[in-house]
Amino acid sequence: MLIYNKNKKMLEPEEYKFELQDVKEPNLLRETFSYTDIPKIAFNNTVVPMNPPENIWMTDTTFRDGQQAFPPFTVKQIVNLFELMHKLGGPNGMIRQTEFFLYSDKDKEAVRKCQEKGYEFPQITSWIRANKNDFKLVKEMGIKETGILTSCSDYHIFLKLKKNRRQALDMYLDIVKAALDEGIVPRCHFEDITRADFYGFVIPFAKELMKLSKQANMPVKIRACDTLGFGVAYPGVALPRNVNGIMYGLTHHAGVPSEWLEWHGHNDFYRALTNSTFAWLYGCSGINGTLLGIGERTGNTPIEALAIEYIAFRGDHNGMDLSAITEIAKYFKEELKYDIPNMQPFVGAHFNSTRAGIHADGLLKEQEIYNVFDTKAILNRPPEVAITDRAGLAGIAYWINTKHPKFKDSDEKIDKSHPGIAKIKEEIDKQFSTDRVNPLTEKEMAELIKKYIL
């Protein structure tokens, strides 16, 4: 039967009735996930329409998922990072929420200290197990929303929980009802959604949640969790791995409002940021990530990357202060002793640094030739040159003009044709002709400049 959709102004088939498929044995999708080989990417050539929400934002799990694979933060460190997160997200709540554990005294103290800041954003939420007793913790802490683990693949339902789909569904719905009865907004974490029976469990479950929401007149949120990074955003990929199809199905078939929907991706197959971006494009308002992408195994989607991606999509910063990204990286490195990979975009030591003399020559003439954007103005990170035997005359001159106190803040600049530059290069080449591999330090460069130029 065809029904006229007034919003889309076109005829559509009557909605298919999605019902729980309560199978006796788990469907582990072995043709795709053989385990003894790399997971396969199957195509069915079904392409769903792009449908970006009017408003998109980020949510954070640094203090929950991030801490599951990181040395525990102290209360002071949590508060400091929370402040930096607030600065980065800005007054319009581009980092809308951040979630906390509530189980230890330290967890509770950290929440209270962050609450005392009085920030509107990021809103403080929690994460609990599918256990009614845990709601007491949420209520005691004055938190209005909590994440609840609601695993949805047969790997988790049958093999971990030792239940069937009906039993799992009933358990989850019972927990969500308890949250709503307490006046707490539940956020159901659809764990392992990219290995789940999408039409046989995920959509029926989501539809039941929307019924509960309507009855309670309260939001019931869904976080689609790509727990092992299996999600793929190529057009025409078959479910359950199709990120675009997951977003379309949850919004179109299950009726989940975009603003109640989040994507949580992991980077096991290098797809965390790409999948998150496509989730935005296909109907998801919230993308969940962590500062610097920390998290289990290969980590989560980096918040700082999402901030840059947002501006690329929407054309404005919407109140975000991107200089906070550099402050966050500095805090991780100096306070948390975190070894940030040098080449990591936006935060790595070499993110906007070059060792190639020909690139340095370009920077010396015009930064825009070899710098991705004005990193000094936007991130408070001027482009740099690492001094090795590859830096060349131009690289040495650029380093002096941007790093040495006599030249960097004055109109006096040194040209690569200066005879002292050639002398410095000779000494550098001598060092690297033996067994040196590391760039020269600032102290070493200062000594050479004093010897040959000043």
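Modeller: A helix here is a DSSP run of H or I with at least four residues, numbered from the N terminus. This model is predicted.

Colleague: What makes α8 and α9 count as suppliers of the second largest pocket?

Modeller: Each helix supplies at least two residues of that lining. α8 covers 272–281, and α9 covers 303–314. The most comes from α9, with four residues.

Colleague: What volume does the second largest pocket have, and which residues are closest to its centre?

Modeller: The volume of the second largest pocket is about 600 Å³. Asn267, Leu292, Asn300, Pro302 and Gln344 are closest to its centre, out of 26 lining residues. A residue counts as lining if it has an atom within 4 Å of a pocket point.

Colleague: How do you know which class the lining residues of the second largest pocket belong to?

Modeller: The class follows from residue type: Leu and Pro, for instance, count as nonpolar, and Asp, Glu, Lys and Arg as charged. The lining of the second largest pocket then has 13 nonpolar, eight polar and five charged residues.

Colleague: How much space is in the largest pocket, and which residues lie nearest its centre?

Modeller: The largest pocket holds about 750 Å³. Its lining has 28 residues, and Lys333, Ala349, Arg381, Glu384 and Lys403 lie nearest the centre.

Colleague: Which elements supply the lining of the largest pocket?

Modeller: At least two residues each come from α10 (323–334), β12 (384–385) and α13 (392–403). α10 gives the most, with five. By class, the lining of the largest pocket splits into 12 nonpolar, eight polar and eight charged residues.

Colleague: Now α13. Why is α13 called roughly perpendicular to α16?

Modeller: α13 and α16 (residues 442–452) pack at about 100°, with axes 12 Å apart. Angles of 65 to 115 degrees count as roughly perpendicular. So α13 is roughly perpendicular to α16.

Colleague: What makes this a contact between α13 and α16?

Modeller: Contact needs heavy atoms within 4.5 Å. Ile396, Trp399, Ile400 and Lys403 of α13 meet Glu442, Met445 and Ile449 of α16. The contact has five nonpolar, no polar and two charged residues.

Colleague: Why is α13 called roughly perpendicular to α15 as well?

Modeller: α13 and α15 (residues 419–432) pack at about 110°, and their axes are 9 Å apart. The 65 to 115 range applies here too. Therefore α13 is roughly perpendicular to α15. On the α13 side, Gly392, Leu393, Ile396, Ala397 and Ile400 make the contact. Ile421, Ala422, Ile424, Lys425 and Ile428 make it from α15. Eight of these residues are nonpolar, one is polar and one is charged.

Colleague: On to the strands. What kind of sheet do β3 to β10 form?

Modeller: A closed barrel of eight strands, ordered β3-β4-β5-β6-β7-β8-β9-β10, with parallel pairing. Neighbouring strands are turned by 25° against each other on average, direction ignored.

Colleague: How do you know that β4 and β5 pair?

Modeller: Pairing takes at least two bridges. β4 (residues 95–100) and β5 (residues 123–128) have four, in the parallel sense. Glu99 stands opposite Thr125 in β5.

Colleague: Which strands does α5 lie across, and at what angle to β7?

Modeller: α5 (residues 165–181) lies across β6 (145–149) and β7 (185–190). Its angle to β7 is about 155°. Angles over 145 count as roughly antiparallel, so α5 and β7 fall in that class.

Colleague: Which peptide bonds are cis, and where do their prolines sit?

Modeller: One joins Phe121 and Pro122, with omega about -5°. Pro122 is in the loop between α2 (105–115) and β5. Another runs from Leu239 to Pro240, with omega near 10°. Pro240 is in the loop between β8 (221–226) and α7 (243–253).

Colleague: What makes Leu29 worth a look?

Modeller: Leu29 has a positive phi of about 50° although it is not a glycine. Most residues other than glycine have a negative phi. Leu29 is in the loop between β2 (10–13) and β3 (57–60).

Notes. Residues numbered from 1 in each chain as written. Predicted model: local features only at pLDDT ≥ 70, side-chain atom pairs only at ≥ 80, totals over all residues. Heavy atoms only, no water. Axes fitted to C-alpha atoms, helices over the stretch in contact; angles between N-to-C directions. 1 Å grid on protein atoms, 1.4 Å probe; cavity = no way out; pocket = protein on both sides within 12 Å on 5 of 7 lines; lining within 4 Å. Points joined across faces, edges and corners; volume = space filled by probe spheres on them. Parallel < 35°, antiparallel > 145°, perpendicular 65-115°, else oblique.
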